[in-house]
Amino acid sequence: MTITFVSNYINHHQIPFSKALYEKIGEAYCFIQTMPMEEERVTMGWGVDTKQLPYVRCLYEDEDGCRRKIAESDVVLLGWTEREDIAAKRLESGKITIRVSERIYREGQWKAISPRGLLAKYREHIKYRKQNVYLLCAGAYVASDFHLIRAYPGKMFRWGYFPETRVYSDEAFASLKKEAPLQIVWAGRFIPLKHPEYAVWLAKSLQERGFAFGMHMLGSGELEDEMKQQVGALGLTEHFTFYGYQEPDRVRDVMERCHIHLFTSNHLEGWGAVVNEGMNSGCVEVVNAQVGAALYLIEHGVNGLIYPNGSYQEMEKLVFDLFENWEERKKMGKAAYQTIIREWNAEHAAEELLRFLSCLAKGRLVPAVSGPLSPAPIISP
């Protein structure tokens, strides 16, 4: 079986999954990159030398060859590409084709009533609802968006992003969180939708309550200088370390030292791969329920904590509870780690995809019981 994954560009969130597939089926797997990575992403440390990845081909370097590959492959996974002309030809072929999508109405499902928007969605999705086309939902609210337009009935499945998984011995895992006092990590671009100010407000509240802590801020962006100024004005400098943009491995190294990971993005966040990374690092996650990864990866109170509707006040309450009851709550970090190494990782996702496709090739639709490729529930945002 030949499998081709078509997406805008490959990055460190997709490489582990592609590597796992390539190791299992060799040259029968191909990743087609449709555009060069934006300079901002390269600056963030996301840059990848595609020449070092044997399974990557670039559409903009060999369009004819890539088009043939897409047409001839037994299975094609279609991510976000801005090349609907390529997608349409494949979708009309009758061969197994799988859309991989984040939300299409993340700014509000009211947009589904737009006649122009519905016409575009009909051309891209609805017209294929009864054909050999399936949807992998990269986020907990994706199925709700597509259900709204009656696309992919009974053919929507859980999916996500699968960053590198680090596996620790029991002794190594136990040694990760030795640093005292409790350390908190926040990682992302300093932009409005990520709400870096929540980390600053939280630090002020923790200080006022007399808690000892460290706050680690990884990333950069338009709000970085403002955040640094607020930290200084509020007398919080001794608690904060600003790292700027770091390579993914360096981000993970910092996460390994930290006890709590804050993920404060709002509803515009499609998935949030740093949640995977924080969980794999054994952090207790405190995550906004509005982001795509939250309800797929986290069971509240078991392997992390979810706060509703982007509410700063609810997030603050959860963190206070962690500080006040740390010895009882810290077990969530170990449970988070187990979630990643047992189920939500690239190796497992690749295995499930191959099993799923093998069944499809025989005319049988057999979802996974849980995790990647399990049926995606309709969860209203």
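1. β11 spans residues 260–263 and pairs with β8 in the parallel sense over three bridges; two strands count as paired if DSSP finds at least two bridges between them. Helices (H or I, at least four residues) and strands (E, at least two) are DSSP runs, numbered from the N terminus.

2. Before going on, please keep in mind that this is a predicted model, in which local features need pLDDT of at least 70 and side-chain atom pairs count only at pLDDT 80 or more, while totals for chains, interfaces and linings use all residues. Residues are numbered from 1 along each chain as its sequence is written, and side-chain values use heavy atoms, with hydrogens and water left out.

3. W186 also has a bridge partner in β9, namely M217. Six bridges join β8 to β9 (residues 213–218), and these two strands run parallel. Between them the chain passes through helix α8 (residues 197–208), making a right-handed β-α-β crossover; right-handed means that, with the strands pointing away from the viewer, the path from the first strand over the helix to the second runs clockwise.

4. How many residues of β8 are buried? For this strand, residues 182–187, the count is six of six, where buried means under 20% relative accessible area, exposed over 50% and partly exposed in between (1.4 Å probe, protein chains only). L182, I184 and W186 lie on one side, with Q183, V185 and A187 on the other, and both faces are covered.

5. Now follow α8 to its partner α9 (residues 224–233): the axes are 10 Å apart, at an angle of about 10 degrees. Axes are lines fitted to C-alpha atoms, for helices over the stretch in contact, and angles run from 0 to 180 degrees between N-to-C directions. E197, V200 and W201 of α8 meet M227, Q230 and V231 of α9, with contact meaning heavy atoms within 4.5 Å.

6. Have a look at another helix pair too: α11 (residues 273–280) and α15 (residues 331–342) have axes that come within 7 Å and cross at roughly 115 degrees. From α11, N276, M279 and N280 take part, meeting α15 residues that include Y337 and I340.

7. Finally, S101 sits in strand β5 (residues 96–101). S101 counts as buried because its relative accessibility is 14%.
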